[in-house]
Amino acid sequence: MRTPKHIGIIPDGNRRWAEEKKMTKEKGYENGLDPGLILFRLCKEVGIKEITYYGFTTDKFIYSDFYVLDDYWPDFNPEHFYNALKWYNEQDVTLGG
C-alpha cells in the first residue's frame, strides 16, 4: 500500500467535545493528548516519517486534499487512521505527498 511521507493533523473539537460531555474545556484538552500519541505510534508502525500537528482556537477553513473526520479529536481511534490511509491511497498522486 502506498503511504504518505508526511501527514498534517489538526486536532479540532477538544473544547466542544468536553462541553458536550459537561466537562471543562481543560478536560477536553487533556483527553485530546492520548489520540495524538496513538496516531504517532500508528504512523511509526506504517513508516510515515513526519507528522505535523497544527493547533488553533478558531473555526477552520479547509481546501485542497485534506482528509476530514466528522468526529471530535478526543474520539480519534485507529480505524480513523486506517480509513485515512485507504482514502489517501485512492487519491490522484499529483495532489501531493
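Tutor: Start with Val 46. Leaving aside neighbours within four places in sequence, Val 46 is in contact with Thr 3, Phe 81, Tyr 82 and Leu 85. Contact here means heavy atoms within 4.5 Å. This is a predicted model: local features need pLDDT of at least 70, side-chain atom pairs count only at pLDDT 80 or more, and totals for chains, interfaces and linings use all residues. Residues are numbered from 1 along each chain as its sequence is written, and side-chain values use heavy atoms, with hydrogens and water left out.

Student: Which helix holds Val 46?

Tutor: Helices (H or I, at least four residues) and strands (E, at least two) are DSSP runs, numbered from the N terminus. The run that holds Val 46 covers residues 33-46. That is helix H3.

Student: How far apart in space are Val 46 and Met 1, C-alpha to C-alpha?

Tutor: In sequence, Val 46 and Met 1 are 45 residues apart. In space, their C-alpha atoms are separated by 9.8 Å.

Student: In what order do the elements of the protein chain run from the N terminus on?

Tutor: The chain has 4 helices and 2 strands. Read from the N terminus, the order is β-α-α-α-β-α.

Student: What share of the 97 residues is buried?

Tutor: Buried means under 20% relative accessible area, exposed over 50%, and partly exposed in between (1.4 Å probe, protein chains only). Among the 97 residues of the protein chain, the buried share is 24%.

Student: Is Asn 14 buried or exposed?

Tutor: Asn 14 sits in helix H1. Not counting residues up to four places away in sequence, Asn 14 touches Gly 28, Tyr 29, Gly 32, Trp 73 and Pro 74. Its relative accessible area is 10%, so Asn 14 is buried.

Student: How many salt bridges does the structure hold?

Tutor: A salt bridge is a side-chain nitrogen of Lys or Arg within 4 Å of a carboxyl oxygen of Asp or Glu. One of them joins Asp 12 and Arg 16, with the closest N and O atoms 3.3 Å apart. The total is 3.

Student: Which helix holds both Glu 30 and Lys 27?

Tutor: Their side chains meet in a salt bridge at 3.5 Å, N to O. Glu 30 counts as partly exposed at 45% relative accessibility, and Lys 27 counts as partly exposed at 38%. The two residues are 3 apart, about one turn of the helix, and both lie in H2.

Student: What is the N to O distance between Lys 86 and Glu 90?

Tutor: Lys 86 is partly exposed, with a relative accessible area of 47%. Glu 90 counts as exposed at 53%. Their side chains meet in a salt bridge, N to O, at 3.1 Å.

Student: Which residues form the negative surface patch?

Tutor: Patch residues have over 30% relative accessible area and no salt bridge, and like charges are joined within 9 Å. Asp and Glu count as negative. Glu 20, in helix H1, is exposed with a relative accessible area of 56%. The patch is formed by Glu 19, Glu 20, Asp 70, Asp 71 and Asp 75.

Methods: Patches are made of residues with over 30% relative accessible area and no salt bridge: like charges are joined within 9 Å, nonpolar side chains (Val, Leu, Ile, Met, Phe, Trp, Tyr) within 5 Å. Accessible areas come from the Shrake-Rupley method with a 1.4 Å probe; for residues, only the protein chains shown count as cover. The place of a charge is taken as NZ of Lys, CZ of Arg, CG of Asp or CD of Glu.
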